[in-house]
Amino acid sequence: MDRDAERTPDPVVRPAPHRWFWYALGGGLPERHRGWVLHDTTTRTWWARHVLRTLVQLSVPIALVVVFLPAPLGLRLAVAGGGIFLGLIFSLAYMPETTENRVVKAGYPAGTATAARERAGLASQRAETERKRTAAARRAARYRERQGR
């Protein structure tokens, strides 16, 4: 096993707002936030967090277009909307790769975030399967009870 698989999980230390903003723009975080980066890219809402980071990245050029483009406001807003749409499509197309790059930048080996999300998905599926089996067994018991068997 590699060094990271043997070590205890890193503590999840949320960055300050200014550091999170830098992280959302693509910058790195200090070592103490390493566990939070892994959490951010593997938690159940990792895709929504990715979309939020993308919107933060798009906000700067979109604001510049809306403010400085020499055109009527309606056209500037249409251009901004098209930019947001295309930016989100591109971002969603490369979402796993982008989040994996953030994890690598934090010092984890490539593939760590994807493997963690897959493990969590399998655990969730197992729990759901067990819940459904238990519910089916209860329904079968009720049916047998009603039938007098």
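Predicted model: local features only at pLDDT ≥ 70, side-chain atom pairs only at ≥ 80, totals over all residues.
Although G107 and E31 are 76 residues apart along the chain, their C-alpha atoms are separated by 8.3 Å.

The side chain of T112 reaches the backbone oxygen of P109 at a distance of 2.6 Å. When residues up to four places away in sequence are not counted, T112 touches L38, E100 and V103. Of these, L38 in α3 and V103 in α6 also take part in the contact between those two helices.

The packing of α3 and α6 was examined next. Helix α3 spans residues 34-42 and helix α6 spans residues 95-105, and their axes come within 9 Å of each other while crossing at roughly 170 degrees. The two helices are therefore roughly antiparallel, since angles over 145 degrees are assigned to that class. The crossing in which α3 passes α6 is left-handed. On the side of α3 the contact involves V37, L38 and T41, which meet T99, R102 and V103 of α6. Sorted by class, the residues of this contact comprise 3 nonpolar, 2 polar and 1 charged.

A further helix pair is formed by α4 (residues 46-68) and α5 (residues 73-93), which pack at an angle of about 150 degrees with their axes 9 Å apart. At this angle, α4 is therefore roughly antiparallel to α5. Helix α4 passes α5 in a right-handed crossing. The contact draws on H50, V51, T54, L55, L58, I62, V65, V66 and V67 from α4, and on R76, L77, V79, A80, G83, I84, G87, L88, S91 and L92 from α5. By class, the residues in the contact of α4 with α5 divide into 13 nonpolar, 5 polar and 1 charged.

Definitions and conventions
Residues numbered from 1 in each chain as written. Heavy atoms only, no water. Polar contact = N/O pair within 3.5 Å; in protein donor to acceptor, adjacent residues only side chain to side chain. Contact = heavy atoms within 4.5 Å. Axes fitted to C-alpha atoms, helices over the stretch in contact; angles between N-to-C directions. Helix = DSSP H or I, 4+ residues; strand = E, 2+ residues; numbered from the N terminus. Parallel < 35°, antiparallel > 145°, perpendicular 65-115°, else oblique. Left-handed = near helix turned anticlockwise from the far one by under 90°. Nonpolar A, V, L, I, M, F, W, Y, C, P; charged D, E, K, R; others polar.
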